[in-house]
Amino acid sequence: MARTKEFDPDAALQAALELFWQRGYEATSMADLVERLGIARASVYATFGSKRELYLRALERYCEQSDSARMLELSQPGPALPAVRALVRQYAEVGEGEARRGCFVTNTAVELAPHDPDASRRVEASLDRLETLLTAALVRAEAQGELPVGREPRALARMLVVLLQGIRVVGKTADGGARARAAAEQALALLD
């Protein structure tokens, strides 16, 4: 007879997400995961597979959560450009300590995507979704007369995605916050 799980797999996945996001893939050991999740190593393997599989599932969870939040922010009725500006400024608000951990997708792009095809595909899919959301918001802004004539919403969206990911990388440095805010404001000037 199969035993029932004595832990909540959903809560364990969320805890793994937080740990991987804080430390990265390589710096997180299986012992770290066992300690943080509060479950036996065998249970981690039985429920999630390998450390890599757990990482990829945590990345998928992060993407689902952040995609939902971005969709909500960018698809509100009314003017679209203020939502785009708010998103860019939100990315540029780089703090200290925990806030400096950046974006889990960006961290994965830097750490794993160059040599892990599965991680790379997930990063690409996330960037594509963000670009699509920004494009839709900018198309709406154009249709509502908020965006100057002659601007190409898709090209602007792509530029913003690259900027946002760069902001997250630069934001990890000591002077990252000032640089990120200055770059964000310069990019936002292109929307005027």
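Let me start with a rule: a charge sits over a ring if NZ of Lys or CZ of Arg is within 6 Å of the ring centre and within 35 degrees of the ring normal. By that rule, K51 has its charged end over the ring of Y25, 4.3 Å from the ring centre.

Before going on, some housekeeping. This is a predicted model, where local features need pLDDT of at least 70 and side-chain atom pairs count only at pLDDT 80 or more, while totals for chains, interfaces and linings use all residues. Residues are numbered from 1 along each chain as its sequence is written, and side-chain values use heavy atoms, with hydrogens and water left out.

Now, the aromatic rings. Phe, Tyr and Trp rings (for Trp, the six-membered one) pair if their centres lie within 6.5 Å; planes under 30 degrees apart are stacked, over 60 edge-to-face, and the rest tilted. The count comes to 6 aromatic pairs. One of them is W21 with Y62, edge-to-face at 4.9 Å centre to centre and 70° between the planes. W21 lies in helix α1 (residues 9-23) and Y62 in helix α4 (residues 51-74), so this pair ties together parts 41 residues apart in sequence. Helices here are DSSP runs (H or I, at least four residues), numbered from the N terminus.

Are these two residues buried or exposed? Buried means under 20% relative accessible area, exposed over 50%, and partly exposed in between, with a 1.4 Å probe and protein chains only. W21 is at 15% relative accessibility and Y62 at 9%, so Y62 counts as buried, and W21 does too.

Y62 has another partner: its ring centre is 5.5 Å from that of F104 and the planes are at 80°, so this pair is edge-to-face. It links Y62 in α4 to F104 in helix α6, 42 residues apart. F104 is buried, with a relative accessible area of 0%. Ring pairs link F20, W21, Y25, Y55, Y62 and F104 into a cluster.

How do α1 and α4 pack? Their angle is about 95°, with the axes 9 Å apart; axes are lines fitted to C-alpha atoms, for helices over the stretch in contact, and angles run from 0 to 180 degrees between N-to-C directions. The two helices are therefore roughly perpendicular, the label for 65 to 115 degrees. Contact means heavy atoms within 4.5 Å, and residues meeting there include L17, F20 and W21 in α1, and K51, Y55 and Y62 in α4.

Last stop, the other charge: R168 has its charged end over the ring of Y91, 4.3 Å from the centre. R168 is among the buried residues of α8.

Conventions:
Parallel < 35°, antiparallel > 145°, perpendicular 65-115°, else oblique.
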